[in-house]
Amino acid sequence: MVIPWVGFSLSDFIKKCEPTSKAKFVEFTTLYDPKQMPAARYGGLDWPYLEGLRMDEAMHPLTILAVGLYGETLPNQDGAPLRLHVPWKYGFKSGKSIVKIRFVERQPLNTWQRSAPEEYGFYSNVNPTVDHPRWSQAVEVRLPGFYKNMKTLMFNGYGDQVASMYTGMDLRKNY
């Protein structure tokens, strides 16, 4: 997704927090307020929404905490006040309205792993060779409708920058 996010490096934030060497993962918890988000009561997911990254993914310079887009403050519907943006995992690891960040020793069990483990793995990389059980990742459409059915690139086109983090992993199994 080509969106001009406004934000700051998650790695800078992590460095300021000074997590201990035991921290292997970062867990993100989103807002759950049924008064503001009435549909969340009936959406079929357990709330609050939880997401997680390995520490090396979180420390990658492309990973940001977004506070705006298109030069403006991030609106509520796009995840205000704080949204996770991991471009090679776009559409998978995009926690919105983050209210808590924890550094943990064990891999967090994120919302989609709890709700649909057969459909979403922890890593959730954009991988055109691994179809989601209900749709293909092989092609994409760039908004606003140009370039229909473009071939999806591995890691959403960021392979040169991020593939080394997954060396030796079976990316068909570790989706």
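Figure 1. P48 lies in the loop between β2 and β3 (50–54). The model shown here and in every other view is predicted. The peptide bond from W47 to P48 is cis, and its omega is near 5 degrees. Most peptide bonds, by contrast, are trans. P48 is also among the contacts of T30, the residue shown in the next view.

**Figure 2. T30 is a buried residue of strand β2.** Strand β2 covers residues 25–30, and T30 belongs to this strand. T30 has a relative accessibility of 5%, so it counts as buried. Which residues does T30 contact, leaving aside neighbours within four places in sequence? They are W47, P48, Y49, G95, K96, S97, I98 and V99.

**Figure 3. The second largest pocket has W47 among the residues nearest its centre.** The volume of this pocket is about 460 Å³. Its lining is made up of 25 residues. Nearest the centre lie W47, S94, G95, K96 and S97. Sorted by class, the lining holds nine nonpolar, 12 polar and four charged residues.

**Figure 4. F25, F122, Y123, F155 and Y166 form one aromatic cluster.** Eight aromatic pairs turn up in a search of the whole structure. F122 and Y123 make an edge-to-face pair, because their ring planes stand at 85 degrees, with the centres 5.4 Å apart. Both F122 and Y123 are buried. The rings of Y123 and Y166 also stand at 85 degrees, with centres 6.3 Å apart, so this pair is edge-to-face too. Y123 is in the loop between α3 (111–115) and β8 (139–142), while Y166 is in the segment after α4 (159–162), so the pair ties together parts 43 residues apart in sequence. Y166 is buried, as is Y123.

**Figure 5. A lysine charge sits over an aromatic ring.** The ring belongs to F122, and the charged end of K93 lies 4.1 Å from its centre. F122 is a member of the aromatic cluster in the previous view.

Figure 6. M154 lies in the loop between β9 (146–151) and α4. Buried, exposed or in between? M154 touches V126, N127, P128, G159 and L171, not counting residues up to four places away in sequence. T63 is 91 residues from M154 in sequence, and their C-alpha atoms are 17 Å apart in space.

Figure 7. W5 is part of strand β1 (residues 5–9). Its relative accessibility is 15%, so W5 counts as buried. Not counting residues up to four places away in sequence, W5 touches I64, A66, G68, L69, L74, R83, H85 and Y90. W5 and P81 are 76 residues apart along the chain, with 13 Å between their C-alpha atoms. P81 is in the loop between β5 (72–73) and β6 (83–85). The peptide bond from A80 to P81 is cis, with omega near 0 degrees.

**Figure 8. E18 and Y70 have a positive phi.** Most residues other than glycine have a negative phi. Phi of E18 is near 50 degrees. E18 lies in the loop between α1 (10–17) and β2. E18 is exposed, with a relative accessible area of 67%. Y70 has a phi of about 50 degrees. Y70 is found in the loop between β4 (64–69) and β5. Y70 is exposed, with a relative accessible area of 55%.

Technical notes
Residues are numbered from 1 along each chain as its sequence is written. This is a predicted model: local features need pLDDT of at least 70, side-chain atom pairs count only at pLDDT 80 or more; totals for chains, interfaces and linings use all residues. Side-chain values use heavy atoms; hydrogens and water are left out. Rings of Phe, Tyr and Trp (its six-membered ring) pair if their centres lie within 6.5 Å; planes under 30 degrees apart count as stacked, over 60 as edge-to-face and the rest as tilted. Buried means under 20% relative accessible area, exposed over 50%, partly exposed in between (1.4 Å probe, protein chains only). Helices (H or I, at least four residues) and strands (E, at least two) are DSSP runs, numbered from the N terminus. A charge sits over a ring if NZ of Lys or CZ of Arg is within 6 Å of the ring centre and within 35 degrees of the ring normal. On a 1 Å grid over the protein atoms alone, a cavity is a set of points where a 1.4 Å probe fits but cannot get out, and a pocket is an open set with protein on both sides within 12 Å along at least five of seven lines; lining residues have an atom within 4 Å of a point. Grid points are joined across faces, edges and corners, and a volume is the space filled by probe spheres set on the points. Ala, Val, Leu, Ile, Met, Phe, Trp, Tyr, Cys and Pro count as nonpolar, Asp, Glu, Lys and Arg as charged, and the others, Gly among them, as polar. Contact means heavy atoms within 4.5 Å.
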